[in-house]
Amino acid sequence: MSEPLNRTTNPLADVAASPEATARYLADVQRVLLDIGKNLESLALETRVHCRDTHVEGDRFYDAWMRAQPVERALRDVLKHVEGVTKGLERIAYKRRAHDENVTAVEKKRKEKALEKSRKKNPPQLNTAPGNAAPGSTGQQVPQQEDMRYGNPTSIYDLRNDRRSA
């Protein structure tokens, strides 16, 4: 039976906790895989030469080549998979760093969202105009003119009927 993964028994737990450590570890693995890929390329060339040169009495000129094709194809497939794994390791390191950046940005986004929500619920109070001084203030009151046509904001639809918006 396998043990559950936890920090005390798993040496990669510390590596997984840090995007920099993850990138370093994946780069080391990628170097090893690239070395293996080079060795596999050399092996593929040597295997190709050997298999194509192996002739049996009574072969036509292309029989050895036909027998070598499945072996060459298998080695080619393995090389493609190794290249895919190395490219995948690069993607993993990038996505791990992006995940860490997203996690740090979540708190900021939530604060901004909450602030925006509170602004919508409680719009800021405008200062009172000098003509509309609060009761008990010592400012002089300016008489309001009721016939000021352009003093109050109106909508485009209210202009036809000479109405003012609220």
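Helices (H or I, at least four residues) and strands (E, at least two) are taken as DSSP runs and numbered from the N terminus. The model is predicted: local features require pLDDT of at least 70, side-chain atom pairs count only at pLDDT 80 or more, and totals for chains, interfaces and linings use all residues. Residues are numbered from 1 along each chain as its sequence is written, and side-chain values use heavy atoms, with hydrogens and water left out.

Eight salt bridges are present, each defined as a side-chain nitrogen of Lys or Arg within 4 Å of a carboxyl oxygen of Asp or Glu. One of them joins Asp100 and Arg96 at 3.4 Å, N to O. Both residues lie in helix α3, four residues apart, about one turn of the helix. Arg96 is buried at 16% relative accessibility. Here buried means under 20% relative accessible area, exposed over 50%, and partly exposed in between (1.4 Å probe, protein chains only). Asp100 is partly exposed at 27%.

A second bridge pairs Glu72 with Arg52 (2.9 Å, N to O). This pair links distant parts of the chain, with Glu72 in helix α3 and Arg52 in helix α2, 20 residues apart. Glu72 is buried at 10%; Arg52 is partly exposed at 23%.

The largest nonpolar core comprises five residues: Leu40, Ala44, Leu75, Leu79 and Val82. Such a core is a set of buried Ala, Val, Leu, Ile, Met, Phe, Trp, Tyr and Cys residues joined through side-chain atoms within 4.5 Å. Helices α2 (19-53) and α3 (63-121) each supply at least two of its residues. The largest share, three residues, comes from α3. Beyond its neighbours within four places in sequence, Leu40 contacts (heavy atoms within 4.5 Å) Val78, Leu79 and Val82.
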